Amino acid sequence: MDTNLAYDAKLAYYHITQLAFPRLVDSVGEAEAQDYIVEQFTALGLDVSWEPFSFTKFPAEVLPRILSVLFVPVVLFVPWFGERFPVLLCLACLLSLAIALFFTQWQKRLEGLYDVGKRCRTENIIAKNGVEQEDNTPAFLFVAHYDSKSQVLPIAVRAVSYGIAITGLLVLTTLMLIKLFAAVWLPNYIVWGVAGITSFCLLLLQINVTQNRSPGGFDNASGVGVMLEVARVVMAREEKKSVTFLATGAEEYGMCGALRYIQTHADEYDRENTYVINLDGLGVGDGVNVVTRYGIPPTRTTRALSDLFRTSGEALGIHVSDRYLPIGVGLDSIPIASRGFETVTLTARGVGSVALKVHSKRDRSELLNTESLQQVGELVVDVIERT
């Protein structure tokens, strides 16, 4: 057994370099990544299992395009017919805005959409330290997705496009309400400007085709590399708490692996004493972001767990910041949090420096630095020890 009890970012970075190649679902790279992760977990002495699951791409690839196409006529009809049919268009704008905001939240009632259309298959990789969770004792579930993808639009452009589109819908809805109740109408060039920009963003999202060109160094070989090194430390220290490491598949198609895992295993955990830590996008900048809220309006995924990370950050001298992701980014923590678990996603504070490279062939391991990887690893290990 490895007797080095300290977290070592150089070892985490080594794993990242070994995984930083294109690995989209159902590709040769995906299978190579799976084999590597299983090999590493097995060598550490963890109890390792493969868990195949099926899913469809409908929620991630088809549904957003359908909604975008349906919103465009509503948006363009506002400057065309807003003065003639204010009641009808006001209702259409309100409905469109409500639908857009509805889909910024995780909807358990719509999880059946992952069974609509052509079935795809992949696997989750589960590794446990062999300690059973007892009453009122904490357990940890670490999550990191191993798949990668490239897209025509960098993730930052996609997120901004979603934000502008929703803002545009909100502005147009407000204009229609003003027209309806105050009989005031802004100059046409303003209305056309808002409608044009909103429509452009909605149509831009249609070209965001998924491909297999990204090495995924930041997204998310970084998360898997950190998880593998945390697993080594857990086993070297003979941790007495129950710890599970979950390498999820198909995260890039709508958090499918996390969804399938928690659908199957939620009742095996004590929700009151299980802490779920998702590792996604690490190794740049100084400090660690703890994502605790998502969607519009914000849905909070944790309270106690974020406090633990802040306490550890203060003790270690690491800058820890709470973060809110309103739209445009999917995280494996979201479907798990919907089952009532304390859940956070850890990501780097320097995401802005690589935002235009994520989901592109430029997302390489060379973007990362061991200093940042060391911070997040020490933080995670300290939280385990403190709990």
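This note sets out numbered points on the cores, cysteines, salt bridges and surface of a predicted model.

1. Basis. The model is predicted, so that local features need pLDDT of at least 70 and side-chain atom pairs count only at pLDDT 80 or more, whereas totals for chains, interfaces and linings use all residues. Residues are numbered from 1 along each chain as its sequence is written, and side-chain values use heavy atoms, with hydrogens and water left out.

2. Main nonpolar core. The largest nonpolar core has 56 residues, and those touching the most other members are Phe41, Phe142, Phe245, Leu279, Phe309 and Leu346. A nonpolar core is here a set of buried Ala, Val, Leu, Ile, Met, Phe, Trp, Tyr and Cys residues joined through side-chain atoms within 4.5 Å. Helix α7, residues 217-236, supplies the largest share of this core, 11 residues. Helices (H or I, at least four residues) and strands (E, at least two) are DSSP runs, numbered from the N terminus. In soluble globular proteins, nonpolar side chains tend to be buried together.

3. Surroundings of Phe41. With neighbours within four places in sequence set aside, Phe41 is in contact with Leu46, Val48, Ile125, Ala127, Met227, Leu228, Ala231 and Phe245. Contact denotes heavy atoms within 4.5 Å.

4. Ser222. This residue lies in helix α7. Ser222 counts as buried because its relative accessibility is 0%; the classes are buried under 20% relative accessible area, exposed over 50%, and partly exposed in between (1.4 Å probe, protein chains only). Neighbours within four places in sequence again left aside, Ser222 is in contact with Ile16, Gly217, Gly281, Leu282 and Leu368.

5. Cysteines. The structure holds zero disulfides, a disulfide being a pair of cysteine sulfur atoms within 2.5 Å. Cys120 is in no disulfide, and the nearest cysteine sulfur, that of Cys256, is 8.5 Å away. Cys256 is likewise in no disulfide, its nearest cysteine sulfur being that of Cys120. Cys120 is buried, with a relative accessible area of 16%, and Cys256 is buried, with a value of 1%.

6. The structure holds 10 salt bridges, each defined as a side-chain nitrogen of Lys or Arg within 4 Å of a carboxyl oxygen of Asp or Glu. One of them joins the side chains of Glu111 and Arg339, at 2.5 Å from N to O. The pair links distant parts of the chain, 228 residues apart: Glu111 is in the loop between α4 and β2 (120-128), and Arg339 is in the loop between α10 (333-337) and β11 (342-348). Glu111 counts as buried, at 7% relative accessibility, and Arg339 also counts as buried, at 14%.

7. Salt bridge within a helix. Asp382 forms a salt bridge with Arg386, the closest N and O atoms being 2.4 Å apart. The two are separated by about one helical turn because they are four residues apart in helix α11, residues 370-386. Asp382 is buried, with a relative accessible area of 17%, whereas Arg386 is partly exposed, at 43%.

8. Asp267 and its partner. Asp267 is found in the loop between α8 (256-265) and β7 (274-279). Arg271 forms a salt bridge with Asp267, with 3.9 Å between the closest N and O atoms. Asp267 is exposed, with a relative accessible area of 71%, and Arg271 is partly exposed, at 28%. The C-alpha atoms of Asp267 and Gly313 are separated by 31 Å, the residues being 46 apart along the chain.

9. Salt-bridge network. Asp115, Arg119 and Arg260 are linked in a network of salt bridges.

10. Nonpolar surface patch. Val87, Leu91, Leu94, Leu180 and Phe181 form a nonpolar patch on the surface, with about 490 Å² of accessible area together. Patches are made of residues with over 30% relative accessible area and no salt bridge, like charges being joined within 9 Å and nonpolar side chains (Val, Leu, Ile, Met, Phe, Trp, Tyr) within 5 Å. Accessible areas come from the Shrake-Rupley method with a 1.4 Å probe; for residues, only the protein chains shown count as cover. The elements giving two or more residues to the patch are α4 (86-102) and α5 (155-182); α4 gives the most, with three. Phe181 is found in helix α5 and is exposed, with a relative accessible area of 68%.
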